[in-house]
Amino acid sequence: MAQSFIGTVCSIKMNKTIVIKVVSRVRHRIYKKVVTKHRTYKAHNATESLKLGDTVEIVETRPISKTVHFKVNKKI
């Protein structure tokens with residue numbers, strides 16, 4: 001089953017590749033406080049129509065390059 005995430009575009013400087021920041025809120029296991037964590041993913045963007053700050057859905061795919069393992073599914 002392929003993973004999918006919803007995140008925000010934080011870099012469009014590469015050619016046909018964008019960087020997505022996925023934010024998640026998790027509860028700390030000892031202190032029970034809600035903590036915000038983030039992770040960045042590189043995703044393939046063939047159309048190059050996205051702008052900085054857009055919200056997109058990415059889905060896992062075969063390795064496209066050394067660091068790119070996701071592709072943009074749709075803009076939200």
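Author: A definition comes first: rings of Phe, Tyr and Trp (its six-membered ring) pair if their centres lie within 6.5 Å. This is a predicted model, in which Phe5, Tyr41 and Phe70 form one aromatic cluster.

Reader: How many aromatic pairs does a search of the whole structure find?
Author: The search finds 3. In one of them, the ring centres of Phe5 and Tyr41 are 4.9 Å apart and the planes are at 15°, so the pair is stacked. Phe5 belongs to strand β1 (residues 4–11) and Tyr41 to strand β3, so this pair ties together parts that are 36 residues apart in sequence.

Reader: Is Tyr41 buried or exposed?
Author: Tyr41 counts as buried, because its relative accessibility is 13% and the cut-off for buried is under 20%.

Reader: And what about Phe5 and Phe70?
Author: Those two form a tilted aromatic pair, 5.9 Å centre to centre with 55° between the planes. It links Phe5 in strand β1 with Phe70 in strand β5, 65 residues apart. Phe70 has 7% relative accessibility and therefore counts as buried.

Reader: Turning to the strands, which residue in β3 is the bridge partner of Val23?
Author: That partner is His38. Strands β2 (residues 17–27) and β3 (residues 34–44) are paired in the antiparallel sense over 11 bridges. They form a hairpin with 6 residues between them, and Lys32 in the turn has a positive phi of about 60°.

Reader: How do β3 and β5 run, parallel or antiparallel?
Author: They run parallel, with 2 bridges joining β3 to β5 (residues 70–75). Phe70 in β5 is the bridge partner of Ala43.

Methods. Residues are numbered from 1 along each chain as its sequence is written. This is a predicted model: local features need pLDDT of at least 70, side-chain atom pairs count only at pLDDT 80 or more; totals for chains, interfaces and linings use all residues. Side-chain values use heavy atoms; hydrogens and water are left out. Two strands pair if DSSP finds at least two bridges between them. Helices (H or I, at least four residues) and strands (E, at least two) are DSSP runs, numbered from the N terminus. Rings of Phe, Tyr and Trp (its six-membered ring) pair if their centres lie within 6.5 Å; planes under 30 degrees apart count as stacked, over 60 as edge-to-face and the rest as tilted. Buried means under 20% relative accessible area, exposed over 50%, partly exposed in between (1.4 Å probe, protein chains only).
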